[in-house]
Amino acid sequence: SLGASLTRDIYLRATTTATAASVAWLAGRVTGTRGRANTIALVALISTQLFQTLASGGRDRVVLLAVIASMGVLAASVSIPAVCLFFGCRPLGPVGWGIALGSALAATLAGTAFEHWTRDLSSSVH
């Protein structure tokens, strides 16, 4: 019974994550170098996954704390020069962070709205 529902959720999350990373990379490329765009896309990709986890985790405190801690590790990974160099990233300024987090948030909100809409549509059909 979970087959179709699970498959739909996997496709939706994959599309949401890929969209956020792609939009972030394109915006990052327009505003800077390829290396900077790659880092912006990486931050958007991971942030989208974390935002989706937060959206599906509801008000669970453990989920919230895990997302906050993970965002902190992500920020450190692309901000601390030695760690950033190790991962092949570029430190981001406010514009880069804005692009990455804005893309992640917009994609997550759109994906969540689409998910609710399709569930409402599916429940009204049955």
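Helix 2 and its neighbours

Author: Start with the packing against helix 1. In helix 1, the residues R13, T16, T17, A20, A21, A24, W25, G28, R29 and T31 meet R34, R36, A37, N38, I40, A41, A44, L45, T48, Q49, Q52 and S56 of helix 2. Contact here means heavy atoms within 4.5 Å. By class, this contact divides into 9 nonpolar, 9 polar and 4 charged residues. Nonpolar covers Ala, Val, Leu, Ile, Met, Phe, Trp, Tyr, Cys and Pro; charged covers Asp, Glu, Lys and Arg; the others, Gly among them, are polar.

A word on the basis. This is a predicted model, in which local features need pLDDT of at least 70 and side-chain atom pairs count only at pLDDT 80 or more, while totals for chains, interfaces and linings use all residues. Residues are numbered from 1 along each chain as its sequence is written, and side-chain values use heavy atoms, with hydrogens and water left out.

Now the geometry. Helix 1 spans residues 3–31, and its axis comes within 8 Å of the axis of helix 2, crossing at roughly 150°. Axes are lines fitted to C-alpha atoms, for helices over the stretch in contact, and angles run from 0 to 180 degrees between N-to-C directions. The two helices are therefore roughly antiparallel. That label applies over 145 degrees; under 35 is roughly parallel, 65 to 115 roughly perpendicular, and the rest oblique. The crossing of helix 1 past helix 2 is right-handed. Right-handed means the near helix is turned clockwise from the far one by less than a right angle; anticlockwise is left-handed.

Helix 2 (residues 34–57) also packs against helix 3 (residues 61–77). Their axes come within 9 Å and cross at roughly 170°. That makes helix 2 roughly antiparallel to helix 3. On the helix 2 side, V43, I46, S47, L50, T53, L54 and G57 take part. They meet V63, L64, V67, S70, M71 and L74 of helix 3. This contact has 9 nonpolar, 4 polar and no charged residues.

A44 lies in helix 2. A44 is buried, at a relative accessible area of 0%. Buried means under 20%, exposed over 50%, and partly exposed in between, with a 1.4 Å probe and protein chains only. Leaving out residues up to four places away in sequence, A44 touches A20, A21, A24, A100 and A104.

Finally, the setting. The protein chain has 5 helices and 0 strands. Helices (H or I, at least four residues) and strands (E, at least two) are DSSP runs, numbered from the N terminus. Along its principal axes, the C-alpha trace spans about 55 × 35 × 25 Å. Of the 126 residues, 32% count as buried. Among contacts between residues at least 6 apart in sequence, 65% join residues at least 24 apart.
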